[in-house]
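Here is a short report on one protein chain. Keep the model open while you read.

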Amino acid sequence: MELIKQQRLNRLCEGTCFRKISSRRRQDKFWYCRLSPNHKVLHYGDLEESPQGEVPHDSLQDKLPVADIKAVVTGKDCPHMKEKGALKQNKEVLELAFSVLYESDEYLNFIAPDKQEYCVWTDGLNALLGKEMTSDYTKSDLDVLLSMEMKLRLLDLENIQIPEAPPPIPKEPSNYDFVYDCN
């Protein structure tokens with residue numbers, strides 16, 4: 001679980017581009033959110049277009065200290081999903097919606113680009129708050145890691161010694177002009 005938590009927090013540090021929620025039909029506004037490398041502050045800000053690659057911290061104007069976050073709510077509990085015309089309560093959007101509540105009644109609203117980003121962000125934010133990571137992706141990642149560990153331990157039973165340290169990394173080749181003769 002610690003490995004999965006670390007992976008989720010690393011993804012939050014890389015950041016994600018989210019679509020901006022607006023009452024008008026136009027869906028071409030974006031905003032970016034990322035966690036600072038020390039895991040203490042969420043940096044976020046508006047963008048003109050979807051970014052290529054990472055957005056630097058200093059270009060994101062707004063900050064939210066993690067210590068100020070009160071809760072993470074998802075789906076129908078999100079303030080932006082309770083509004084009357086909230087995207088006509090589109091089921092897909094509802095499943096990707098989450099909000100970060102802070103101070104008395106302030107909130108930061110998100111609609112994830114896909115299910116995986118939704119799981120990464122909700123898991124990561126819950127991990128920051130010391131809560132359990134409960135997404136389907138966490139369960140699946142945990143199953144994969146546990147089955148791998150089990151297989152490695154079973155290998156050990158077959159008298160195959162598994163080294164404690166990884167093998168040394170070989171030196172780089174003198175040139176990269178490899179030729180493969182397919183004849």
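## The chain as a whole

Contact means heavy atoms within 4.5 Å. Among contacts in the chain between residues at least 6 apart in sequence, 44% join residues at least 24 apart. The model is predicted, so local features need pLDDT of at least 70, side-chain atom pairs count only at pLDDT 80 or more, and totals for chains, interfaces and linings use all residues. Residues are numbered from 1 along each chain as its sequence is written, and side-chain values use heavy atoms, with hydrogens and water left out.

The chain has five helices and seven strands. Helices (H or I, at least four residues) and strands (E, at least two) are DSSP runs, numbered from the N terminus. Starting at the N terminus, the order of elements is α-β-β-β-β-β-α-α-β-β-α-α. The chain has 183 residues, and 34% of them count as buried. Buried means under 20% relative accessible area, exposed over 50%, and partly exposed in between (1.4 Å probe, protein chains only).

## Confidence

pLDDT is the predictor's confidence in each residue, from 0 to 100. Its mean over the chain is 81. A value of 70 or more is reached by 82% of the residues. Confidence is lowest in helix α2 (residues 79–82), with a mean of 74. It is highest in α4, at 92.

Strands of a sheet pair through backbone hydrogen bonds, either parallel or antiparallel. Here, two strands count as paired if DSSP finds at least two bridges between them.

Now follow β2. It pairs with β1 in the antiparallel sense over four bridges. Here F18 has W31 of β2 as its bridge partner. Strand β2 (residues 30–35) also pairs with strand β3 (residues 41–47), antiparallel, over six bridges. F30 is bridged to L47 in β3, and R34 is bridged to H43 in β3. The hairpin of β2 and β3 has five residues between the strands, and H39 in this hairpin takes a positive phi near 65 degrees.

Why is β2 largely enclosed by the rest of the structure? Six of its six residues are buried, so the rest of the structure largely encloses β2. Both faces are covered. F30, Y32 and R34 lie on one side, with W31, C33 and L35 on the other.

## The three-stranded sheet

Another open sheet has three strands in the order β5-β6-β7, with antiparallel pairing. Its edge strands are β5 (69–74) and β7 (106–111), and each pairs on one side only. Neighbouring strands of this sheet are turned by 20 degrees against each other on average, direction ignored.

Strand β6 (residues 97–102) and β7 pair in the antiparallel sense over six bridges. F98 has F110 as its bridge partner in β7. Helix α4 lies across β5, β6 and β7, and runs at about 25 degrees to β6.

## Helix α4

Helix α4 (residues 115–128) has 14 residues. From first C-alpha to last, α4 reaches 20 Å, close to the 20 Å expected at 1.5 Å a residue. The expected span is 1.5 Å times one less than the number of residues. At the start of α4, a side-chain oxygen of D114 comes within 3.2 Å of the backbone nitrogen of Q116. After α4 comes G130, with a positive phi near 80 degrees.

How many residues of α4 are buried? Eleven of the 14 are, and the helix is mostly covered. Among them are Y118, W121 and L125. N126 also sits in α4. Its relative accessibility is 14%, so N126 counts as buried. Leaving out residues up to four places away in sequence, N126 touches V72, K131 and E132.

Notes. A polar contact is a pair of N or O atoms within 3.5 Å; within protein, one must be able to donate a hydrogen and the other to accept it, and residues adjacent in sequence count only if both atoms are side-chain atoms. Axes are lines fitted to C-alpha atoms, for helices over the stretch in contact, and angles run from 0 to 180 degrees between N-to-C directions.
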